[in-house]
Amino acid sequence: MHITILAAFLVISRTVSSMCTAGVVIILVAIWAAKSDIARARGLDKVVALSNLCFAAPLAVFGALHLAAAQGLATMVPSYMPWKLFWAYFFGFALLAASLSISTKILVRWSGLLFGIAMFCFVAMMDIPGTLATPKDRFGWILTLREMLFGGGGWILAGNAMREQGRGQVGSRLITVGRVIIGIAAIFYGIENSMHTTNVPGVPLEKLMPAWIPAHLLIGWVTGAILFIAGICILLNKKTRMAATYLGTWIVLVVVFIYGPILISALGNPSTDVKVEGINYFFDTLLFAGAILALASATPRTE
């Protein structure tokens, strides 16, 4: 009995510690890689300069989760696919490689492109079938748009890198795909945030905001309004850089001041599931911000 408990504790601590360690390491690497861009930027452009950090750190965290909890995640692989455990490990290593590439801004053309393809494959293989099976479940649509938005963010990073390397036509097409997806998701999330103010803001998932966080109604309405207005501008390609900058900055503030305390509270809980959930919500929303800031970074200032 004691050996079983000890073994379970070691597995639990390895999962949580590996996720946190991977995130911290990539954050430090991304800050070092972006230090000159941050120094040159003025105003909210300093937040835009953190787009690669916001995108890369969650990939490292989720990659570490795939490696530490591969057995459990393998059960999510569609039944018609062989070698379920292999795919869990493979995607874990792929996420870590992509996070290192994006944080250092090396070969982003390939890492962003391949990450986007992977996310769109997940949408086609898992999200869309599940959503169509229960079309009245709003969370199915929220998750489908979330995965598409993450994939679109990867394509925006890849498109921007291609454009800088002289392949402007292909790069612009990838950025356009990502922009349209982000615009649609932001409008839908804006409506959902305004209607369900008791849920956590940003990506409006099932988790409720803790009672100790004040002004639930105000946070939900403000977040919903910013998402909706910015989403319309982004979808119509009007003042896209400004809209994406303001929206991305607001989501970063939400991550720091809403999900940050939730994460700290979760890490103090003895349950590993609660810890992992807190980490997932924090970095999931940070990835949402990273995709939006990537769009701001890829949009010319003259726009």
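Are F282 and F283 buried or exposed? Both F282 and F283 are buried, where buried stands for under 20% relative accessible area, exposed for over 50%, and partly exposed for what lies in between, with a 1.4 Å probe and protein chains only.

## Basis of the model

This is a predicted model, in which local features need pLDDT of at least 70 and side-chain atom pairs count only at pLDDT 80 or more, while totals for chains, interfaces and linings use all residues. Residues are numbered from 1 along each chain as its sequence is written, and side-chain values use heavy atoms, with hydrogens and water left out.

## Overall architecture

The protein chain has 11 helices and 0 strands, where helices (H or I, at least four residues) and strands (E, at least two) are DSSP runs numbered from the N terminus. Read along the sequence, the pattern is therefore α-α-α-α-α-α-α-α-α-α-α. The radius of gyration of the protein chain is 19 Å, close to the 19 Å that the globule rule gives for 303 residues, so the chain is as compact as a globular protein of that length; the radius is taken over C-alpha atoms, and the rule is 2.2 Å times the number of residues to the power 0.38.

Taken along the principal axes, the C-alpha atoms of the protein chain fill a box of roughly 65 × 45 × 45 Å, and 50% of the 303 residues count as buried. The C-alpha atoms of I106 and T249 are separated by 25 Å, the two residues being 143 residues apart along the chain.

## Salt bridges

Side chains of opposite charge can pair when their charged atoms come close. The structure holds 7 salt bridges, each being a side-chain nitrogen of Lys or Arg within 4 Å of a carboxyl oxygen of Asp or Glu. One of them joins R40 to D37, with the closest N and O atoms 2.5 Å apart; both residues lie in helix α1 (residues 2-40), 3 residues apart, which is about one turn of the helix. R40 is exposed, because its relative accessible area is 58%, whereas D37, at 24% relative accessibility, counts as partly exposed. A network of salt bridges links D37 and R40 with K105.

In another salt bridge R241 meets D45, the closest N and O atoms being 3.2 Å apart. This pair links distant parts of the chain, with R241 in helix α10 (residues 240-267) and D45 in helix α2 (residues 45-48), 196 residues apart. With a relative accessible area of 9%, R241 is buried. The side chains of E277 and K207 also meet in a salt bridge, at 3.3 Å from N to O. E277 lies in helix α11 (residues 272-298) and K207 in the loop between α8 and α9, so the pair ties together parts that are 70 residues apart in sequence. E277 counts as partly exposed, because its relative accessibility is 34%.

## Aromatic rings

The structure holds 9 aromatic pairs, counted where rings of Phe, Tyr and Trp (its six-membered ring) have centres within 6.5 Å, with planes under 30 degrees apart called stacked, over 60 edge-to-face and the rest tilted. Among them is the edge-to-face pair of F86 and W87, at 5.0 Å centre to centre and 70° between the planes. F86 is partly exposed, with a relative accessible area of 43%, and W87 is partly exposed as well, with 31%. The rings of F282 and F283 have their centres 5.0 Å apart and their planes at 75°, so this pair is edge-to-face.

F86, W87 and F90 form one aromatic cluster. Elsewhere, K207 lies over the face of Y281, at 5.8 Å from the ring centre; a charge sits over a ring if NZ of Lys or CZ of Arg is within 6 Å of the ring centre and within 35 degrees of the ring normal.

## A nonpolar patch on the surface

I184, I191, M195, F228, I229, I232, L235 and L236 form a nonpolar patch on the surface, with about 700 Å² of accessible area together. The elements that give two or more residues to the patch are α8 (168-195) and α9 (216-236), and α9 gives the most, with 5 residues. Patches are made of residues with over 30% relative accessible area and no salt bridge, like charges being joined within 9 Å and nonpolar side chains (Val, Leu, Ile, Met, Phe, Trp, Tyr) within 5 Å; accessible areas come from the Shrake-Rupley method with a 1.4 Å probe, and for residues only the protein chains shown count as cover. L236 lies in helix α9 and counts as exposed, because its relative accessibility is 55%.
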